[in-house]
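Dear colleague,

Please find below the sequence and the structure that I am handing over to you.

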Amino acid sequence: MSDVNPFGGEEEPPDKRKKDQGSWTPFGPNGPKLPDPKKFKGWRFSLIYVAVIVVGMSLFNYVFLNRANPPIDYSDFKARIATGEIKRVELTDSYFTGYTNTQPASGQTLPGLSRTDSGQVYRTVPIGDPELITLMDEKGVSYYAVSQQGATVINLIFSWVLPIAFFFIIWRFLIKRLGNMGGNVLSVGQNKAVIVAEGDIKTRFYDVAGVDEAKEELVEVVDFLKSPKKYTDIGGKIPKGVLLVGPPGTGKTLLARAVAGEAGVAFFRMSGADFVEMFVGVGAARVRDLFKQARDKAPCIIFIDELDAIGKSRINNIAGGNDEREQTLNQLLVEMDGFDGTSGLIILAATNRPDVLDPALLRPGRFDRQVLVDKPDLKGREEILRIHSKNVKLAPSVDLAVIARGTSGFAGADLANIVNEAALLAVRGGRKLVEQIDFNEAIEKTVAGLQKKTRVLRAEERKLTAYHEAGHALVAAFTPNADPVQKISIIPRGFALGYTLQMPMEDRFTVTQSDLLGRIGILLGGRVAEEMISGEYSTGAANDLTKATDIARKMITDYGMSERFRHVALTSRGAGMLGNTAQQEPMFQREYAESTQQYVDEEIARIVDREYAKAKDMLGSRQDILDRVAGVLLDKETIDEKEFRVLLEEAR
Ligand code: ADP
Ligand code: MG
Ligand code: ZN
């Protein structure tokens with residue numbers, strides 16, 4: 001196919017013709033459609049497209065150029081010269097072309113095209129035949145050789161340029177695919193493009209709602225970043241690391257950005273998972289790089305999202321563990337120790353699994369500050385809804401407070417999602433404004449998804465939970481010497497319906513018998529309150545009962561606090577299983593008679609019963625306070641230490 005010029009004359013270049021066939025696609029009806037410009041770009045690089053061009057060109061060549069003027073036999077050619085039919089012969093390396101006219105009609109004749117204006121054209125494949133020249137001389141045929149310059153260019157294109165272009169395109173295509181998969185094999189050990197400082201962060205504290213305690217603590221961090229001198233002059237140490245702890249979607253990332261935005265410093269963000277690569281040493285190199293960049297940019301914030309991906313405890317690694325992660329973690333620890341608080345570099349990290357973190361990360365000088373970022377309460381949820389519906393056109397009938405009331409247990413991200421979902425529903429329904437029904441539907445959709453992860457309470461359950469938690473809190477308040485109540489909440493957390501936090505007044509290493517009994521009473525307080533308002537027992541207190549029973553059992557078997565075994569420990573510490581580490585509790589072994597077992601069981605029941613009755617007395621005589629506290633809980637979902645004290649004083 002190298003003899004002819006496929007681009008010659010009035011013919012369009014074949015590849016151009018292919019491109020012009022707009023909607024044709026080699027992928028059939030299910031293939032990508034051309035009109036989409038983004039897809040088109042990828043489509044141009046597709047191998048199939050290239051293949052189609054090549055095949056198309058060959059076909060064009062074959063069909064239009066060769067078939068139209070098939071070579072004739074050499075003998076036939078010679079005979080036509082002999083008869084005088086051919087008057088002129090063009091000689092090239094690959095073909096002899098005979099013309100029946102004497103003069104080429106300039107610009108119109110193409111070597112190889114069958115019909116010219118003025119005659120017939122014959123072609124044949126040359127044979128090394130010296131007689132032909134003699135014959136042509138004899139017959140007065142004019143003959144001339146044509147330089148194959150043009151054909152050589154074609155030759156060149158087909159044998160060199162096209163294959164190279166072809167492989168270049170394949171190479172580009174593969175590199176692009178690799179790039180999309182996220183790993184660039186050529187840049188191992190270097191930073192991915194992700195680690196660039198984001199300057200000029202627009203997020204501010206007012207973009208985050210419902211996490212007031214966390215914000216309060218972070219305000220201080222912002223102040224450190226803004227005027228570190230104020231703190232160092234007085235001899236104070238600036239914290240290096242602050243760990244944001246909380247369930248997913250509560251705004252940890254958002255808060256970290258807000259800190260950077262408020263302080264007006266650069267923000268390096270990386271996810272723990274980004275550090276963990278398949279090649280050992282890459283993660284550590286990334287950490288080193290990140291800190292180097294950050295030190296150059298100080299004051300700034302490094303934010304490590306999902307710290308647990310690299311910070312998992314090294315102790316629990318059975319069978320060697322993960323070398324790569326360990327190296328990365330070690331490098332992180334080294335880097336954190338390597339700068340002092342005056343450099344204006346603060347590391348924020350986020351996790352929802354603080355329990356699995358390596359203890360080394362939490363030591364002083366590292367992430368020694370922990371900030372709880374919890375799910376928002378009623379008021380917080382309303383504020384978050386307000387933030388996210390700022391740019392949404394709401395119908396006047398929409399009451400965000402009502403929506404907040406119906407979304408207990410939702411995190412900030414869920415609420416943002418609801419607003420968006422409601423807006424979409426309104427558009428789908430052809431409404432100009434978002435109505436309450438859109439929100440209701442959006443909530444229903446989200447609840448179904450949430451229910452797999454956490455409990456969403458029915459009204460009945462909510463009331464029972466409020467009384468339950470109020471019961472715990474009040475018994476704690478009425479029990480002398482008990483730890484003060486820090487927070488009461490009926491916001492579901494995972495599968496717990498609510499919780500009451502007590503703050504230990506001081507670190508206690510020894511606990512008296514009455515303290516232990518008090519704790520049992522507090523644990524039972526929840527069930528007592530439930531019984532008082534519903535006249536029934538529910539399963540909600542199962543966990544409390546386990547804990548209470550445990551304390552009672554230990555009192556008898558370990559601490560020698562029963563009538564019969566007053567100073568006797570009934571269990572002994574065993575050697576423990578093979579492979580037990582110091583971190584795990586040693587095994588306890590029972591070393592007593594069957595009859596003793598029976599006594600222990602009865603004694604446990606007696607202790608628990610007695611404490612239950614006491615708690616019932618406490619709450620029964622102050623039913624009004626119980627109602628108050630439960631009422632406030634139902635209303636606001638959380639009560640903090642101060643509010644609780646006020647409630648108690650008012651009731652006195
Ligand atoms: P986390 O990092 O805790 O998983 P994110 O900060 O990534 O949560 O939150 C995801 C999105 O949800 C945020 O970009 C924001 O739109 C919304 N959001 C979450 N929590 C809040 C909050 N407390 N206030 C306002 N918006 C929030
Ligand atoms: Mg996050
Ligand atoms: Zn309880």
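From which domains does the shell around ligand 1 draw at least three residues each? They are domain 2 (194–372) and domain 3 (378–448), with bounds that come from an automatic or database domain assignment.

This is a predicted model, in which local features need pLDDT of at least 70 and side-chain atom pairs count only at pLDDT 80 or more, while totals for chains, interfaces and linings use all residues. Residues are numbered from 1 along each chain as its sequence is written, chains are lettered from A and ligands numbered from 1 in the order in which they are written, and side-chain values use heavy atoms, with hydrogens and water left out.

Ligand site

There are 14 residues around ligand 1, and those that come nearest are Ala 209, Gly 249, Lys 252, Thr 253 and His 388; a residue is near if one of its heavy atoms lies within 4 Å of the molecule. By class, the shell holds six nonpolar, six polar and two charged residues, where Ala, Val, Leu, Ile, Met, Phe, Trp, Tyr, Cys and Pro count as nonpolar, Asp, Glu, Lys and Arg as charged, and the others, Gly among them, as polar.

A polar backbone atom of Ala 209 is 2.7 Å from a nitrogen atom of ligand 1, and a backbone N or O atom of Thr 250 lies 3.3 Å from a nitrogen atom of the ligand. In the side chain of Lys 252, an N or O atom is 2.8 Å from an oxygen atom of ligand 1. Taken alone, ligand 1 exposes 560 Å², of which the protein buries 78% (Shrake-Rupley method, 1.4 Å probe).

Helix H9 (252–263), helix H14 (378–388) and helix H16 (412–428) each give two or more residues to this shell; H9 provides the largest share, three residues. Helices (H or I, at least four residues) and strands (E, at least two) are DSSP runs, numbered from the N terminus.

Sheets

Strands count as paired if DSSP finds at least two bridges between them. One open sheet has five strands in parallel pairing, in the order E7-E8-E9-E6-E10. Strand E7 (266–271) and strand E10 (369–372) each have a single partner strand, so one side of each is left without a neighbour in the sheet. Strand E6 (residues 241–245) and strand E9 (residues 345–351) are joined by five bridges, and Leu 244 stands opposite Ala 350 in E9.

Another open sheet has three strands, ordered E12-E11-E15, with antiparallel pairing. Its edge strands are E12 (499–502) and E15 (638–640). Three bridges link strand E11 (residues 485–489) with E15, and Ser 489 stands opposite Thr 638 in E15.

With kind regards

Note on methods: A polar contact is a pair of N or O atoms within 3.5 Å; within protein, one must be able to donate a hydrogen and the other to accept it, and residues adjacent in sequence count only if both atoms are side-chain atoms.
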